[in-house]
Amino acid sequence: MKRPQIAPYLLHALLVLFFLFPLLFMGVSAFKGDEMQLLRDMGTLRAFLPVGELSLQNFRDVADRTRFDLAFWNSVGVVGLTVLLGLLVNSMLAYALARFRFPGRRWVLGAIVALIVIPFEAIAVPLLLLVNQLPWFSEGQWVQGWLDSYHVQVLPFVANAFSVYLFYQFFVALPKDLEEAAQMDGAGPWRIYWSIVLPLSKPVIATVAVLQFLARWGDLLWPVMVVRGDEHATLPLAMQTFFGQFPRQWGDVMAFALLATLPTLLVFLVFQRWFVRSVISSAIKG
Amino acid sequence: MSTSRSTPNARRLRWTPWLFAAPGLLLLTLFMAVPFGMAAVLSFTDQRLLTHAALPTEIVGWDNYLRLWEDDSFWAALGNNLRFVGVVVPLQTALALGLALLVNRKLRGSHLFRTVYFMPVATTMSVVAVIWSLMYSPDQGVINRLIGVLSFGSIGPQDWLRDPALVMPAVMLLSIWQGVGFQMLVFLAGLQAIPVDLYEAATLEGARPWQQFRWITLPLLRNTTIFVVVTTTIYAFQLFTQVQIIASSGAAAPVDSFRTLVMLMVHEGLRNGSIGYASALSVVFFGIVLAISMIQRLIIREEGGAA
Amino acid sequence: MSRSAHRSRSALRLSRLALVAAALLGSVGTACAQTVVSMWVHAGAGPEAKAYSEAVAAFNQSHKDVRIDLVRLPEGSYNDQVNAAALAHKLPCLLDFDGPNVYNYAWTQKIIALDGFPELKRIAETEMLPSLRRQGTYNQQIYSLGQFDSGLALWGQRKWLKKIGARIPTQVGEAWTLAEFEDVLRKLKAAGVAFPLDMKLNYGMGEWFTYGFSPIVQSLGGDLIDRQSLKTAQGSLNGPEAVKALSLLQGWARSGWINPATRDDSDFIQGRSALSYVGHWVHADYRKALGDDLVLIPMPKFGTRAVTGAGSWNFGISADCKAPREAAAVLAHLMSPEEIGRVTQANGAIPGTRTALARNRNYSAGGPLAIYAEQIQQGVALVRPATPAYPVITTAFSEAVNNVLAGSDPKKELDRAARRIDQAIKDNKGYPALR
């Protein structure tokens with residue numbers, strides 16, 4: 001039996017500290033009700049320890065001064081819908097590119113890869129102008145302009161070039177035997193895609209879902225431009241309440257940040273096990 | 001797939017790829033290609049964000065591009081981005097690989113460590129940047145305290161966010177901290193796809209761990225490495241949130257020592273209202289990053305998968 | 001389809017028609033009864049936000065024909081939100097904006113002139129403080145009304161000043177000269193105060209740097225832009241006077257009299273500083289922490305005359321408004337002494353009309369904040385330049401200040417700022433006064 005190695009554990013311990021300490025700071029500060037105490041603690045080890053007067057005051061402030069619950073559900077709805085629709089739309093596009101030889105395929109693929117480079121900030125203003133001209137069917141009639149709504153926060157982000165690329169790389173590497181067999185049996189393309197290809201794509205689905213979720217959850221620039229007020233606001237916009245007038249209430253900011261981060265941690269925890277497990281299983285199968 | 005072109009089934013098959021691709025293509029065209037096209041067109045005009053109705057937008061040809069060429073802030077921003085990419089991409093990639101190797105060993109609690117290392121990725125960048133900016137405070141900051149303790153007092157407290165020489169390294173540290181967890185997972189997936197028998201066979205032949213790493217692991221991780229490098233490069237060029245938070249959280253280093261291209265885009269476009277100028281910057285940005293990603297892929301040729 | 005199915009379908013159709021008709025009649029009914037005036041206000045998390053909510057609630061209670069629909073937007077991203085809405089023609093009827101942004105909104109025709117509303121014209125000309133009238137005027141027309149003005153001076157801790165034997169001015173005429181001011185700082189530092197002057201550098205690059213520090217430039221004889229022509233910043237912003245002003249700041253940082261690295265808002269309260277160069281909005285916090293030890297000192301004469309900041313958030317009516325008369329009525333109501341009293345009670349600002357100012361004990365002679373009123377009345381308070389180029393001016397100047405505090409050469413930074421401003425003016429063809 002090999003001697004138990006201490007070195008890797010020691011390394012792990014240091015790394016855990018390194019990766020956790022800012023989050024510890026956030027978590028602990030959220031419970032420090034006294035702002036002065038928080039600032040005094042900042043330069044010492046006490047910044048990471050839940051010492052001193054702990055209270056739920058910051059959380060109460062968050063509840064009083066922002067509509068956290070509304071913003072939270074808005075975020076969940078908007079981001080969830082974007083991600084789910086995106087999984088469907090992007091995988092379909094990638095499937096078409098990976099499995100079918102149609103004219104213009106190389107150009108489309110090249111264009112999509114090029115689109116990955118474009119940062120959102122480069123198209124923010126033209127997109128705003130565009131979105132203001134688009135019609136939408138609401139309350140029984142066509143209205144112009146998409147501002148101050150949910151669809152303006154969802155639809156522009158459903159299709160994502162990077163997600164398409166990830167799906168494409170995965171599909172291209174996927175062995176075609178199962179699909180060809182199903183085709184021999186007379187299954188139509190949609191059937192093949194839905195019942196065979198997608199179930200085999202769990203790792204890439206998990207990856208794309210997590211990436212898109214993380215990217216959209218923290219988006220601030222677009223909501224600032226298209227949403228005003230509390231009705232359709234998501235969490236990052238709601239957090240702006242604490243950034244503006246001084247003195248900044250760091251305790252409140254940390255409490256808000258803690259509440260806003262927990263869902264993403266949860267999403268990740270669920271998906272990462274699925275992701276790694278599915279990678280392992282497909283590796284064994286492959 | 002050869003089928004006769006005139007049967008209904010064949011006709012349906014010809015339309016199939018377009019049906020699959022249609023929603024994605026429509027959305028990408030409408031919400032990415034069209035706005036970028038608009039930006040490209042606007043780059044040749046003097047479009048302003050808000051302006052008097054009677055003051056029309058005029059075509060100015062290459063003026064915006066010439067102004068960009070002569071703008072110190074543009075070159076400073078480009079330099080910052082290149083410096084950032086040049087340090088973060090290799091460092092973060094190497095660190096991610098190292099972590100993946102560490103986590104891949106059969107140790108107790110590996111999946112717990114894996115989760116912890118990913119936690120920063122799951123935190124929103126704006127929150128991360130705010131926390132780190134507090135930690136970088138010269139007199140009360142934790143980072144300085146830590147460095148002081150570790151160096152037994154020989155290295156004094158630094159003004160991380162106001163010293164032009166230290167501000168980019170500070171941003172690099174915080175970005176790597178936030179991003180390495182995801183790349184670690186990608187490498188982990190790549191590592192687990194390598195069949196264990198290869199290692200067993202190598203050990204039987206007397207190969208040492210370092211040799212196994214060099215001749216089995218690295219080559220088989222080639223595609224994964226390319227993916228990690230290219231995506232980290234693209235994300236690194238799009239650096240914005242962290243530096244914007246530093247610029248607005250207190251007096252900072254001279255802005256040109258940490259302003260990035262995307263931040264310049266937002267400042268010129270949204271704050272100063274020079275949409276034409278900011279659009280020219282977007283087009284140039286697009287060109288530069290596209291060129292660099294293509295060069296990267298050419299240098300490290302991909303194996304398998306269509307290029 | 002069977003006859004019974006037909007009948008049930010028709011019944012369904014009829015009932016749907018009835019519903020629609022009822023809804024239409026109902027909405028027409030309320031439209032006749034009430035006009036909705038949409039209103040945006042910048043608001044943080046504090047008492048100011050509450051004050052506006054209460055004001056709107058009280059108004060809605062007492063007026064049955066007009067209803068205010070209030071949306072409070074966070075201050076941090078307020079300008080961006082307003083600009084995006086302006087671009088999309090989605091501005092509300094009534095909105096507020098910070099000081100000198102009014103000229104840009106007026107020139108781009110996002111807000112309408114208020115001279116056409118007799119009640120507002122009357123308030124502007126007879127009631128409102130002259131500094132606010134200057135702030136709200138563009139092209140000889142009134143575009144905005146302000147409920148309050150701002151005050152900027154020095155807060156001090158009496159015990160420290162007594163300890164070093166400094167003279168404490170009690171009136172605007174007795175203000176310190178530059179030499180005296182620096183002497184006080186030197187003595188405070190020697191007496192053990194960590195960073196004698198707190199300049200709220202933790203606010204960061206933004207409007208504060210311009211609002212707070214351009215008075216130093218102006219006091220020494222420079223300015224943000226040539227106010228005669230409003231066409232160029234060359235000579236005013238990068239002339240020797242302005243360079244001297246920023247060099248002063250840089251010198252204070254080097255001598256350790258100010259702390260540019262601070263991220264802590266409580267330097268003054270905690271005693272790390274004995275003087276605080278900041279405006280009226282800290283009054284409540286400071287008074288609570290220091291009580292009688294707190295003293296307000298008039299703005300020092302850095303140059304030949306003392307100059308201090310002026311102007312604050314003010315309200316205008318947007319061009320997108322479908323009910324401008326009603327919006328004007330709401331604005332007139334907001335300018336009443338009671339409403340001004342309500343909001344200035346919450347945020348501590350200088351009440352914007354003569355009547356409201358007279359009612360506020362703080363600003364009457366001998367009151368703790370009397371110096372603010374004096375500074376306005378004696379012309380020490382100088383409004384920021386009345387040009388649509390202001391957003392560019394403030395970004396350029398505050399960036400220059402930030403860079404200078406980090407060690408850059410003041411002349412180089414100011415040259416660059418002046419070039420940027422001139423470029424923006426050129427881009428907009430000099431902001432011509434078009435009809």
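This is a predicted model: local features need pLDDT of at least 70, side-chain atom pairs count only at pLDDT 80 or more; totals for chains, interfaces and linings use all residues.

A: Happy to! Residues are numbered from 1 along each chain as its sequence is written, while chains are lettered from A and ligands numbered from 1 in the order in which they are written.

Let's look at the sheet of chain C. It is open and mixed, with four strands in the order β2-β1-β3-β12. β2 (66-74) and β12 (313-317) of chain C are the edge strands; each has a single partner, so one side of each lacks a neighbour in the sheet. Ignoring direction, neighbouring strands are turned by 25° against each other on average (axes are lines fitted to C-alpha atoms, for helices over the stretch in contact, and angles run from 0 to 180 degrees between N-to-C directions). β1 (35-43) and β3 (94-98) of chain C are parallel and joined by two bridges. Met39(C) has Leu94(C) of β3(C) as its bridge partner.

Helices cover this sheet too. Helix α2 (47-62) of chain C lies across β1 and β2 of chain C and runs at about 170° to β2(C). Helix α12 (324-334) of chain C packs on the sheet as well, touching β1, β2, β3 and β12 of chain C, with its direction at about 155° to that of β12(C).

Now step back to the whole of chain C. Its domain assignment (bounds come from an automatic or database assignment) gives domain 1 as 32-149 + 311-372 and domain 2 as 152-309 + 389-427. The centres of these two domains of chain C, over C-alpha atoms, are 28 Å apart. Domain 1 of chain C puts 13 residues into their contact and domain 2 of chain C puts in eleven (two residues are in contact if their C-beta atoms, placed from the backbone, lie within 7 Å). On the domain 1 side, α4 (102-107) and α15 (370-377) of chain C each supply at least two residues.

Chain C also meets chain B, where 29 residues of chain C contact 28 residues of chain B. On the chain C side, α3 (78-87), α16 (390-405) and α17 (410-427) each give two or more residues, and α16(C) has the largest share with six. By class, this side has twelve nonpolar, eleven polar and six charged residues (Ala, Val, Leu, Ile, Met, Phe, Trp, Tyr, Cys and Pro count as nonpolar, Asp, Glu, Lys and Arg as charged, and the others, Gly among them, as polar).

Chain B itself has 13 helices and zero strands. Its C-alpha trace spans about 80 × 80 × 30 Å along the principal axes. Chain B also touches chain A, through 68 residues of chain B and 64 residues of chain A. Among the chain B elements giving two or more residues to that side are α1 (8-42), α7 (164-192) and α13 (275-299); α1(B) gives the most, with 17 residues. This side of chain B divides into 50 nonpolar, 15 polar and three charged residues.

Notes: Two strands pair if DSSP finds at least two bridges between them.
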